[in-house]
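Student: Could we go through the side-chain contacts in this one together? I would like to start with the charged residues and then move on to the rings.

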Amino acid sequence: MTGEGIGFGKAIVFNEHFVVYGVPAIVSAIGKYTIAKVKTIDEPGWRLNDNRKATPNYKEEKIEQQKDSINRILKKMDIDLSKNGIEITLDGTLYCASGIGASAASCVAIARALSNHYNMDLSDEEINSIAYEGEKAYHGNPSGIDNTASTFGGLIWFEKSENNIMDRISLQNPVEIVMGNTGKVADTAAAVAGVRERREKNPEKYKEIFARAENIAYLAKDAFQNEDYQELGKLMNENHKLLQQIEVSSKELDFLVKLARDAGALGAKLTGGGLGGNIIALTPGKDLQERVANAIEKEGFQTLKTVIGATRGMR
Ligand code: PMV
């Protein structure tokens with residue numbers, strides 16, 4: 001018998017990093033996903049076939065975190081592999097890169113495949129909290145935003161608190177985005193730690209930046225609800241400025257953001273942990289999406305054309 005599970009890729013549209021401190025953020029699942037398959041094998045323990053496509057060095061750099069993550073998931077699910085072990089296979093349409101939810105999607109897919117394989121029939125909430133445990137291996141102390149988007153899909157308002165707040169934002173129509181990959185693998189845990197250090201050193205400066213980030217989240221929610229993409233684009237640009245101020249952008253990210261804007265994107269910003277990884281550009285309509293993607297590709301960078309705001313089940 002083989003168990004199977006899916007986890008969606010994601011793009012943080014507003015307020016990565018700020019979300020770690022309880023500032024509201026907006027995240028969307030994207031139309032790419034990871035599939036995990038689990039089957040029983042004769043030997044004890046687990047082994048992995050990771051068939052996902054990846055940015056060069058991504059898998060090598062994350063290998064220890066990945067092992068730790070799978071062990072955490074197995075422990076949280078109380079799965080004993082001392083007699084019969086398992087083989088886990090990862091596949092799907094989501095390539096591995098920083099900032100697109102590759103780690104969260106794999107945690108969710110693996111948790112779902114294990115639940116399916118061992119007939120545990122776990123709810124989405126339970127899968128989400130198991131994936132959160134797996135994400136700790138990659139992030140240190142994750143906000144939980146990535147695994148939430150990877151589990152539930154759709155466009156989500158997320159606030160970290162004792163009982164995380166998660167509200168769906170419904171769009172009439174999903175909207176096109178382009179993600180641009182710097183090709184640099186980034187370490188989210190290190191990026192988060194850097195922000196913490198600088199925030200402690202400059203409390204006044206950071207207080208102001210964080211207050212503006214919070215304000216942007218509410219304005220962005222309204223703009224989504226009104227499907228006012230001009231306004232959303234402006235807010236994304238402003239959000240990128242704040243991310244520059246907390247020093248999580250990079251030369252390559254700023255370059256891709258500029259390319260996207262110059263090609264007509266309504267807004268563009270880094271997405272995810274930063275210091276490498278991906279940007280997200282808002283490009284309503286297939287023509288604009290194509291134009292922005294071409295401009296980025298012409299400079300030798302990989303892109304991903306997808307949508308945000310689709311409800312789950314977009315396979
Ligand atoms: O680097 P990613 O795509 O895993 O995103 C990390 C998002 C942060 O806000 C920087 C960290 C977190 O746990 O929310």
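**Charged pairs and rings**

Tutor: Let us begin with Asp262, which counts as exposed at 55% relative accessibility; please keep in mind throughout that this is a predicted model.

Student: Okay, and which side chain does Asp262 meet in a salt bridge?

Tutor: The partner is Lys258, with an N to O distance of 2.7 Å. Asp262 and Lys258 are four residues apart in helix H8 (residues 251-262), so about one helical turn separates them.

Student: How many salt bridges are there in the whole structure?

Tutor: A search of the whole structure gives 18 salt bridges. One of them joins Arg47 to Glu87, whose side chains meet at 3.0 Å, N to O.

Student: Why does that pair tie together separate parts of the sequence?

Tutor: Because Arg47 belongs to strand S3 (residues 46-50) while Glu87 belongs to strand S4 (residues 85-92), the pair ties together parts that are 40 residues apart in sequence.

Student: Is Glu87 buried or exposed?

Tutor: Glu87 counts as buried, at 11% relative accessibility, whereas Arg47 is partly exposed, with a relative accessible area of 34%.

Student: And which residues are linked with Arg47 and Glu87 in a network of salt bridges?

Tutor: Lys39 and Glu43 are linked with Arg47 and Glu87 in that network.

Student: What about Lys305, what does it form a salt bridge with?

Tutor: Lys305 forms one with Glu290, and their closest N and O atoms are 3.3 Å apart. Here the link runs between distant parts of the chain, since Lys305 is in strand S10 (residues 302-308) and Glu290 is in helix H9 (residues 286-298), 15 residues apart. Lys305 is partly exposed at 35%, and Glu290 also counts as partly exposed, at 35% relative accessibility.

Student: Switching to rings: how many aromatic pairs does the structure hold?

Tutor: It holds five aromatic pairs. In one of them, the ring centres of Phe18 and Phe210 are 4.9 Å apart and the planes stand at 85 degrees, so this pair is edge-to-face. Phe18 lies in the loop between strand S1 (2-14) and strand S2 (25-41), and Phe210 lies in helix H6 (residues 203-225), so the pair ties together parts that are 192 residues apart in sequence.

Student: Which residue lies over the face of Phe210?

Tutor: That is Arg199, at 5.1 Å from the ring centre. Elsewhere, the charged end of Lys221 sits over the ring of Trp157, 4.3 Å from its centre.

Technical notes. Residues are numbered from 1 along each chain as its sequence is written. This is a predicted model: local features need pLDDT of at least 70, side-chain atom pairs count only at pLDDT 80 or more; totals for chains, interfaces and linings use all residues. Side-chain values use heavy atoms; hydrogens and water are left out. A salt bridge is a side-chain nitrogen of Lys or Arg within 4 Å of a carboxyl oxygen of Asp or Glu. Helices (H or I, at least four residues) and strands (E, at least two) are DSSP runs, numbered from the N terminus. Buried means under 20% relative accessible area, exposed over 50%, partly exposed in between (1.4 Å probe, protein chains only). Rings of Phe, Tyr and Trp (its six-membered ring) pair if their centres lie within 6.5 Å; planes under 30 degrees apart count as stacked, over 60 as edge-to-face and the rest as tilted. A charge sits over a ring if NZ of Lys or CZ of Arg is within 6 Å of the ring centre and within 35 degrees of the ring normal.
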